[in-house]
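Here is a short briefing to read alongside the model. Have the structure open as you go through the points.

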Amino acid sequence: MTRPLTRIERSVQGRNDWLKQEERKAIESRGEIGRMEFWLRITRSRISKDVKAGRDDVLGGFTSVCRLFMLAVDKRAAGDARLWNHLMQYAQQVLEQHGPRY
């Protein structure tokens, strides 16, 4: 028998269910572009909340992630896919280990 969820656990589960449902809707309406746009909107919203809460370092962190992503895309376009492959492998490992925030 499992114990009932706490209020916080129910809240997290509700948010995760909402994120899954919204991502699914985005995919159904616009495919992978819709999925990407959904996560960009969620990320932009989270960044705004963090900045308002005084955690300005989120701006530099997001900028660094974007610069890394663009570097990997550029190198792949130039014929060197090693950085891209490493980045995708690392992203997959992190998401598997910590679970995507749904």
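**A pocket lined by helices**

Helix α1 provides the largest share of the lining of the largest pocket, at 13 residues. This is a predicted model, in which local features need pLDDT of at least 70, side-chain atom pairs count only at pLDDT 80 or more, and totals for chains, interfaces and linings use all residues. Residues are numbered from 1 along each chain as its sequence is written, and side-chain values use heavy atoms, with hydrogens and water left out.

**The largest pocket**

- The volume of the largest pocket is about 1600 Å³, where a volume is the space filled by probe spheres set on grid points joined across faces, edges and corners.
- Its lining has 31 residues, and W39, T43, V65, A91 and L95 are the closest to the pocket centre.
- A pocket here is an open set of points on a 1 Å grid over the protein atoms alone, where a 1.4 Å probe fits, with protein on both sides within 12 Å along at least five of seven lines; lining residues have an atom within 4 Å of a point.
- At least two lining residues come from each of α1 (7-52), α2 (57-77) and α3 (82-98).
- The lining comprises 20 nonpolar, four polar and seven charged residues (nonpolar: Ala, Val, Leu, Ile, Met, Phe, Trp, Tyr, Cys and Pro; charged: Asp, Glu, Lys and Arg; polar: the others, Gly among them).

**The chain as a whole**

- The protein chain has three helices and zero strands, in the order α-α-α from the N terminus (helices are DSSP runs of H or I with at least four residues, strands are E runs of at least two).
- The radius of gyration is 17 Å, while a compact globule of 102 residues would have one near 13 Å (taken over C-alpha atoms; the globule rule is 2.2 Å times the number of residues to the power 0.38).
- Along the principal axes, the C-alpha atoms fill a box of roughly 55 × 35 × 30 Å.
- Of the 102 residues, 12% are buried (under 20% relative accessible area; exposed means over 50%, and partly exposed is in between, with a 1.4 Å probe and protein chains only).

- D50 sits in helix α1 and is buried, its relative accessible area being 14%.
- Beyond its neighbours within four places in sequence, D50 contacts R55 and V58 (heavy atoms within 4.5 Å).
- R44, also a residue of helix α1, is exposed at 53% relative accessible area.
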